[in-house]
Amino acid sequence: MKLELIAKVLEDAGLGTRTTDIFVHSMPADVQQGIMLRDPLSGTPVDPDLPDYYRGKLQVIIRSTTHAAGEDLAKRVGQSMKMFNRKFYDLDGALEMKVNHIFPAQLPIVYPHTPSRSIEWSLNFVTSYVQP
């Protein structure tokens with residue numbers, strides 16, 4: 001999945017700024033409040049009979065210094081990430097990715113304090129998309 005496009009959706013929703021507090025694949029350890037998008041560790045399944053069509057998962061990690069702020073951010077991210085039949089185009093008008101759906105797989109999972117003295121939430125989403 002082109003996570004940079006999803007990061008732009010979060011930025012457009014006013015949840016942060018890419019490379020400052022919205023990250024793709026990794027988040028610096030010194031960031032005390034931020035959002036990180038990542039593919040699942042198990043990878044995305046590929047079906048040779050359905051080229052360019054993928055069904056998988058997406059993980060979002062929320063980091064915050066307070067429980068209340070983290071819960072609020074997790075809720076806002078969850079609402080912004082829900083999408084159905086959304087298309088993303090490049091600057092030349094070519095289709096970059098079509099999201100059939102993204103929706104939560106379960107409620108957020110809260111982890112204890114990290115070395116940066118922040119709390120982290122894991123939000124896991126089910127995805128279906130076409131990526132030519």
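This is a predicted model: local features need pLDDT of at least 70, side-chain atom pairs count only at pLDDT 80 or more; totals for chains, interfaces and linings use all residues.

Student: Start with Thr 127. What makes Thr 127 count as buried or exposed?

Tutor: Its relative accessibility is 1%. Buried means under 20%. Therefore Thr 127 counts as buried. Thr 127 sits in strand β7. Leaving aside neighbours within four places in sequence, its contacts include Met 1, Tyr 54, Leu 58, His 101 and Ile 102.

Student: And how do you know which class Asn 85 belongs to?

Tutor: The value for Asn 85 is 58% relative accessibility. Exposed means over 50%. So Asn 85 counts as exposed. This residue lies in strand β4.

Student: Which loop holds His 25, and what is its phi?

Tutor: His 25 is in the loop between β1 (22-24) and β2. Its phi is near 75°, again positive in a residue other than glycine.

Student: Why is His 25 called partly exposed?

Tutor: The relative accessibility of His 25 is 47%.

Student: Why does Leu 50 get the label partly exposed?

Tutor: Leu 50 has a relative accessible area of 42%. Leu 50 is found in the loop between β2 and β3. Leu 50 and Val 130 are 80 residues apart in sequence, and their C-alpha atoms are 9.7 Å apart in space.

Student: Which residues of α1 and α2 meet?

Tutor: Ile 6, Val 9 and Leu 10 in α1 meet Val 77, Ser 80 and Met 81 in α2. By class, this contact has 5 nonpolar, 1 polar and no charged residues.

Student: Which residues of α1 are buried, and what do they pack against?

Tutor: The buried residues of α1 are Leu 3, Leu 5, Ile 6, Ala 7, Val 9 and Leu 10. They pack against β1, β2, β3, α2, β4 and β5. Just after α1, Gly 14 takes a positive phi of about 80°.

Student: What makes a set of residues a nonpolar core, and how many residues has the largest one?

Tutor: Its members must be buried residues of the listed nonpolar types, joined through side-chain atoms within 4.5 Å. The largest nonpolar core has 28 residues. Those with the most contacts inside it are Ile 6, Ile 35, Val 60, Ile 62, Val 77 and Met 81. Elements that give two or more residues to this core include α1 (3-12), β3 (53-64) and α2 (67-81). Helix α1 gives the most, with 6 residues. Apart from this core lies another, of 5 residues, among them Phe 23, Val 31, Met 36 and Ile 61.

Student: What does Val 60 touch?

Tutor: Leaving aside neighbours within four places in sequence, the contacts of Val 60 include Ile 35, Leu 37, Val 77, Met 81, Trp 121 and Phe 125.

Technical notes
Residues are numbered from 1 along each chain as its sequence is written. Side-chain values use heavy atoms; hydrogens and water are left out. Buried means under 20% relative accessible area, exposed over 50%, partly exposed in between (1.4 Å probe, protein chains only). Helices (H or I, at least four residues) and strands (E, at least two) are DSSP runs, numbered from the N terminus. Contact means heavy atoms within 4.5 Å. Ala, Val, Leu, Ile, Met, Phe, Trp, Tyr, Cys and Pro count as nonpolar, Asp, Glu, Lys and Arg as charged, and the others, Gly among them, as polar.
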